Amino acid sequence: MFLQYLIVFCVGGFVCMLAQILIIRTRMTSARILVLFLLIGVFLQSVNIFEPIKNFAKSGITVPIIGFGASLAKGAIDGVKEFGILGIFSGGLTATAAGIAAAVGFGYLFALIFRARSKKS
């Protein structure tokens, strides 16, 4: 069990390290890096590479935004198989609905609990 935790930690840490290198070495904004990683997940899923990585790394690869991109792509692929070309739009949203709902719900909950304020310069 310790080895599995170590693998998850190392793979997740490697993903974060890549993002940090992009932040430090390039002029890319955090938002662009986020989109890049999302598209990497979509690409990995579309060429059937994501599943073997997921079997090895478990949540080390599924928790970062790469996993969300792969879920969107898998949902879109399944949607096309089931509903035809319109499944492109509905499949990705159906596959990620629980995660999106949780993000919105928790965001709302924390907005009620905490008060937003500007940082002091």
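## Confidence in the model

The protein's mean pLDDT is 92, with 99% of residues at 70 or more; pLDDT is the predictor's confidence in each residue, from 0 to 100. This is a predicted model, where local features need pLDDT of at least 70, side-chain atom pairs count only at pLDDT 80 or more, and totals for chains, interfaces and linings use all residues. Residues are numbered from 1 along each chain as its sequence is written, and side-chain values use heavy atoms, with hydrogens and water left out.

Helices here are DSSP runs (H or I, at least four residues), numbered from the N terminus.

## Two salt bridges

You'll find two salt bridges here, each a side-chain nitrogen of Lys or Arg within 4 Å of a carboxyl oxygen of Asp or Glu. One joins Lys54 and Glu51, at 3.7 Å from N to O. Both sit in helix H3 (residues 50–57), three residues apart, or about one turn. Lys54 is partly exposed because its relative accessibility is 32%; partly exposed means between buried (under 20% relative accessible area) and exposed (over 50%), using a 1.4 Å probe and protein chains only. Glu51, at 34%, is partly exposed too.

Lys74 pairs with Asp78, their closest N and O atoms 3.6 Å apart. These two are about one helical turn apart, because they are four residues apart in helix H5 (residues 65–83). Lys74 is partly exposed at 38% relative accessibility, and Asp78 is partly exposed at 35%.
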